[in-house]
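Here's a quick tour of one model, written for someone who likes to know the cut-offs. Have a look at it first, then read on.

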Amino acid sequence: MAIKLNAEIRSVAGKGAARSIRKNKNIPAVIYGEKKAPVAIELNGQAFEMLIRQPGLRTKLFQIETSNGNEDAMLMDIQYHPVTDAPIHVDFKRIDVKKPVNVVVPVEVINVETSKGLKLGGVLNFAVRKVALVGLVDVIPEKITIDLTNMTIGDSVHGSDLVLPAGVQLGLHQAELAFATIGGKMPEEADNAKSAPAADAAKK
């Protein structure tokens, strides 16, 4: 579902104008892309700060309403004040909702407590925590999950194993990546390794 934003067109650009906007508790922003001229806009500061508390905004469609009409866009960057951490500038990129977009989304593991491999004493190596995806903006997920429940020692989840929504594909070079691995030795292997030195000592 699209996030709707109301914005004012900025008639004056530059650092001085941006400072003036921030003094009024609002945020300067820009919409660019799709071979159109950039549009400088002003966002309601309080409303936007409330909005960015939500997760997954980088995969959402924004419908930005201005006096020039509607703009379909995605959130590309937020600049923050180095001391207060307040947002001080926002970049949006126009998109064609009928064309696939390239995004990067977080990967998370679930069911750590019930994982077969971890219960056996294995160690989780969660090596790649973000994945590049390609798809229409309305089907791109906020995140991808890896279920550890049935993973045992020696198992790995590669990009090609990830469960993706219909119509969403992996980005380039993602299929071969090992996102999560459960390392270690199976209990019987560990026991054999311990007993081997004792057996050798008994022979001497």
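Where is the place of His-173? It's in the loop between strand S12 (169-170) and S13, with strands taken as DSSP E runs of at least two residues, helices as H or I runs of at least four, both numbered from the N terminus. His-173 isn't a glycine, yet its phi is positive, about 65°. With a relative accessible area of 67%, His-173 is exposed (exposed means over 50%, buried under 20%, partly exposed in between, using a 1.4 Å probe and protein chains only).

Lys-35 also has a positive phi without being a glycine, at about 60°. That residue sits in the loop between strand S2 (27-33) and strand S3 (36-43), and its relative accessible area of 90% makes Lys-35 exposed.

## The largest nonpolar core

This core has 25 residues, and Val-131, Leu-133 and Ile-146 touch the most other members. A nonpolar core here is a set of buried Ala, Val, Leu, Ile, Met, Phe, Trp, Tyr and Cys residues joined through side-chain atoms within 4.5 Å. Strands S7 (101-110), S9 (130-135), S10 (144-147) and S13 (178-183) are the elements giving two or more residues to it; S7 gives the most, with 5.

## Where the numbers come from

The model is predicted, with local features needing pLDDT of at least 70 and side-chain atom pairs counting only at pLDDT 80 or more, while totals for chains, interfaces and linings use all residues. Residues are numbered from 1 along each chain as its sequence is written, and side-chain values use heavy atoms, leaving out hydrogens and water.
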